[in-house]
Amino acid sequence: MTPPSLPLLTHQHQRTAACLLSWSNWNCPTWLLWMLWAWLSPAWAHQHSHPHSIKIPGDITLGGLFPVHAKGPSGLPCGEIKKEKGIHRMEAMLYALDQINSDPDLLPNITLGARILDTCSRDTYALEQSLTFVQALIQKDTSDIRCSNGEQPIIRKPERVVGVIGASASSVSIMVANVLRLFEIPQISYASTAPELSDNNRYDFFSRVVPPDSYQAQAMVDIVKALGWNYVSTLASEGNYGESGVDAFVQISREAGGLCIAQSMKIPRDPKPGEFDKIIKRLMETPNARGVIIFANEDDIKQVLEAARRANLTGHFKFVGSDSWGAKSSPILDHEDVAEGAVTILPKRASIEGFDQYFTSRSLENNRRNIWFAEFWEDDFRCKLTRPGIKLDPEKKKCTGNERIGRDSPYEQEGKVQFVIDAVYAMAHALHNMHQDLCPGAIGVCDKMDPVEGRLVLSYIRSVNFNGSAGTGVLFNENGDAPGRYDIFQYQMTNTSNPGYKVIGQWTNNLRLNVEEMQWSGGDRQIPDSVCSFPCWPGERKKMVKGVPCCWHCELCDGYQYQADEFACEMCPFDMRPTPNRTACRPTPIIKLEWHSPWAIIPVFLAILGIVATLSVVITFIRFNDTPIVRAAGRELSYVLLTGIFLIYLITFLMIAEPGPVVCAFRRLLLGLGMCITYSAMLTKTNRIYRIFEQGKKSVTPPKFISPTSQLAITFILISFQVLGVFIWFGVVPPHTIVDYEEQRPPNPELARGILKCDMSDLSLICCLSYSIVLMVTCTVYAVKSRGVPETFNEAKPIGFTMYTTCIIWLAFVPIFFGTAQSTEKMFIQTTTLTVSMSLSASVSLGMLYMPKVYVIIFHPEQNVQKRKRSFKAVVQAATMSTRLSQKSNSDKQNGETKLEPDRMQ
């Protein structure tokens with residue numbers, strides 16, 4: 001298959017003389033030829049009818065792509081002229097060519113020429129224009145082609161472009177690079193920063209003197225982290241620049257960790273009315289994400305600021321802008337208060353003084369090589385040039401041609417001028433090095449460089465390393481990217497003599513940020529927060545929100561937990577409690593029942609009174625040991641019983657004393673021993689009385705073992721069981737102390753206490769007292785059985801009343817003792833309850849059995865005399881008669897008789 005016939009193309013200046021065709025051999029697939037022809041035909045037609053290129057003759061020609069005009073309205077490729085991004089940058093290339101051609105040390109005897117095209121800020125139009133660069137590389141047999149007059153066409157060989165400077169926008173560079181790589185034409189951009197262009201497999205002939213947005217994104221990630229932010233939103237203009245910039249930011253932040261994206265939104269190419277208000281509304285769905293990373297064009301930035309003001313959110317959002325925002329005033333015009341505090345980034349640059357002198361000296365007379373300069377002149381000076389056949393607009397003044405840039409119009413060097421110059425010089429240095437290697441000693445271009453091989457030029461481009469126009473090094477890595485060097489700005493309004501952008505740091509592979517020079521809305525120097533969740537307080541753990549590693553809920557380590565690490569709470573050891581801030585554990589305080597405690601004062605007071613009373617009784621009995629009342633009370637058993645009562649009172653002091661092995665041993669021994677001695681003696685007495693009167697009913701022979709010696713023997717036998725049990729307990733479990741941390745362990749750990757106590761559980765305490773309780777119950781039974789015996793003859797009734805009262809006391813003791821098992825004051829309540837109950841039991845025994853006798857002995861000694869002795873038989877008969885009379889009285893009452901008889905028991 002062969003390409004279609006080439007249509008006849010005529011040059012406007014030689015329309016009748018010749019036909020111009022330009023071709024050269026190239027190796028491409030057939031389908032690519034078809035596609036290229038489809039682009040070439042309208043491109044050439046447009047080129048020759050509307051000259052949109054600058055031709056600078058030279059030995060070696062460089063291509064240039066610049067956005068001299070903005071995008072045109074619907075149906076038109078080009079719009080209004082772009083003074084800074086277009087004319088300034090394009091004139092920077094012309095300035096660089098002049099400097100190189102006048103430099104005897106760089107490419108000596110070789111003149112660099114140029115073919116400069118206007119991209120009109122549109123990628124598709126730029127692609128059409130760039131096909132001009134490949135004309136010399138396309139060849140076709142034209143022997144069968146004739147001009148309209150039948151003559152052979154005059155073939156003018158187009159200049160061969162060895163490299164291209166440009167383009168500006170990343171989308172344009174991407175489109176052009178896809179074509180230039182097919183023809184192996186190296187390309188050096190001065191402004192395209194899309195990370196996509198770092199792909200050396202797809203864009204292997206593309207290089208750039210500006211760092212890619214991946215470096216910019218890394219710098220922005222470092223800025224966000226330096227500000228202490230971990231939760232931000234991203235906003236991108238639809239297109240390669242915005243989307244790839246945000247993608248790079250997200251990717252780097254994900255790899256770095258510790259940074260989360262709250263919202264990631266895209267601004268459409270043609271936003272509908274209200275679109276920016278919706279964007280602000282969505283941003284406010286995550287109000288904690290005050291930081292907004294923005295990769296957007298100037299118009300979109302301006303619209304975002306306007307929408308934030310309409311939503312009354314001035315000062316809420318803190319923007320971190322890319323180099324498209326940089327240090328420009330146009331995006332924030334009339335919205336300075338909304339943009340206050342914005343941190344922006346811009347590739348490190350310097351103003352080139354030589355270019356300022358060059359550009360401000362340009363005029364209509366000395367700059368005729370720039371075909372767009374007249375249009376620039378009209379726009380810059382707001383005047384109108386007279387042209388043949390064009391009527392002058394009365395509303396615009398006439399240009400005189402004497403105007404001067406910088407004098408009659410404002411002038412500030414465009415930010416990318418430095419990079420345009422560096423790009424041209426990089427190409428020149430590569431060609432210079434190539435010429436030295438291929439043409440040593442040759443003057444001009446030698447055969448080895450005619451034609452220049454594109455891949456070889458590329459290798460020399462990637463190897464250059466020289467100081468650029470700003471004094472910084474110009475070099476490329478293996479992907480054709482320049483090193484990242486950025487200035488960091490902040491827009492400040494207050495506390496500054498000149499409101500505007502202020503340099504606050506730099507980024508060259510690492511961040512250097514002067515945080516102390518930053519200020520925010522209203523001049524505040526406190527860095528605002530942009531975090532999903534604020535740091536947890538000490539003693540709180542982080543409960544992460546699923547899928548959002550920067551968001552968490554703070555949960556207090558409650559109870560006896562402490563903060564083991566950032567994400568976990570653990571229980572303190574059993575003998576410890578958390579510190580007040582719950583970051584560690586501390587020993588739980590150990591307490592015991594103190595003598596000055598209210599829980600101890602009452603038992604001690606009762607015990608002291610009881611001991612005094614007991615000693616008084618003992619002293620009285622000893623002094624009146626041979627009197628009838630003391631002898632009748634049974635001196636031997638009385639002393640034993642009083643000893644038991646004394647020990648009952650004494651145990652109070654042991655129960656309150658500080659626990660230790662000796663104290664614990666005496667607690668075990670005396671706790672049950674005092675009661676055991678007391679109730680063994682009482683049981684022996686009641687049993688003796690019961691046996692005497694039961695025996696008397698049967699015979700006049702007295703029962704056995706009623707002598708004092710026998711009574712003592714029986715009592716000590718009963719006591720020996722208690723003592724034996726205690727000593728067995730000593731052998732099995734030696735007495736020792738423990739610290740009980742469970743008893744006083746309330747929900748509030750500040751109230752937790754360890755209680756120093758003897759190793760006596762509630763069960764062991766009850767077991768210790770159980771034998772005494774059995775003796776007490778048995779004694780009570782005998783007292784009930786002996787209740788009918790006259791008081792004149794024995795102590796049965798006082799003993800009975802004693803036992804009844806004692807039973808009531810201990811019945812009350814049981815619910816109080818065990819009912820407080822869950823109380824935090826358990827140990828104090830139980831100790832007090834136990835000691836008071838025992839003191840009351842001893843007091844009842846002492847009061848009912850001995851106080852009447854002491855009263856008689858001391859205050860009524862006349863009654864303490866020997867009465868007539870009666871025989872055992874007489875005593876039994878008297879008791880029997882009393883019993884019968886009592887039974888008869890009860891029988892009469894049951895038969896309805898209400899006859900009262902004197903109480904013979906009185």
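Me: Which residues does S168 touch, not counting residues up to four places away in sequence?
Reply: This is a predicted model, in which local features need pLDDT of at least 70, side-chain atom pairs count only at pLDDT 80 or more, and totals for chains, interfaces and linings use all residues. Residues are numbered from 1 along each chain as its sequence is written, and side-chain values use heavy atoms, with hydrogens and water left out. Contact means heavy atoms within 4.5 Å. With residues up to four places away in sequence set aside, S168 touches L65, P67, R89, S173, Y190, A191 and S192.

Me: Is S168 buried or exposed?
Reply: S168 belongs to the loop between β6 (161-165) and α4 (170-180); helices (H or I, at least four residues) and strands (E, at least two) are DSSP runs, numbered from the N terminus. Buried means under 20% relative accessible area, exposed over 50%, and partly exposed in between (1.4 Å probe, protein chains only). The relative accessible area of S168 is 12%, so S168 is buried.

Me: What is the length of the polar contact that joins the side chains of S168 and R89?
Reply: A polar contact is a pair of N or O atoms within 3.5 Å; within protein, one must be able to donate a hydrogen and the other to accept it, and residues adjacent in sequence count only if both atoms are side-chain atoms. For the side chains of S168 and R89, the polar contact is 2.5 Å.

Me: Why do the buried residues of α7 line one face of the helix?
Reply: In helix α7 (residues 275-283), the buried residues are E275, F276, I279, I280 and L283. Seen down the axis of α7, with the arc taken from the directions from the helix axis to the C-beta atoms, these buried residues line one face because they fall within an arc of 140°.

Me: Which exposed residues does the face of α7 turned away from its buried side carry?
Reply: The buried residues of α7 pack against β9 (231-237), β10 (260-267), β11 (291-295) and α8. On the face turned away from that buried side, the exposed residues are K278 and K281.

Me: How many Å apart in space are Y231 and N288, C-alpha to C-alpha?
Reply: Y231 is part of strand β9 and counts as buried, at 9% relative accessibility. Its contacts beyond four places in sequence include N288. The two residues, Y231 and N288, are 57 residues apart in sequence, while their C-alpha distance is 7.5 Å.

Me: How many residues apart in sequence are the parts that the pair of E555 and R541 ties together?
Reply: Side chains of opposite charge can pair when their charged atoms come close. A salt bridge is a side-chain nitrogen of Lys or Arg within 4 Å of a carboxyl oxygen of Asp or Glu, and E555 and R541 form one at 2.9 Å, N to O. E555 lies in strand β22 (residues 548-556) and R541 in strand β21 (residues 540-545), so the parts tied together are separated in sequence by 14 residues.

Me: How many residues apart in sequence are the parts that R586 and E750 tie together?
Reply: R586 and E750 form a salt bridge whose closest N and O atoms are 2.6 Å apart. R586 lies in strand β26 (residues 585-587) and E750 in the loop between β28 and β29 (753-758), so the separation in sequence of the parts they tie together is 164 residues.

Me: How many salt bridges does the structure hold?
Reply: Another of these pairs is D408 and R407, at 2.9 Å, N to O. K83, D379 and D380 are linked in a network of salt bridges. For the structure, the number of salt bridges is 24.

Me: What percentage of the residues of the chain count as buried?
Reply: The chain has 23 helices and 29 strands. Of its 906 residues, the share that count as buried is 50%.
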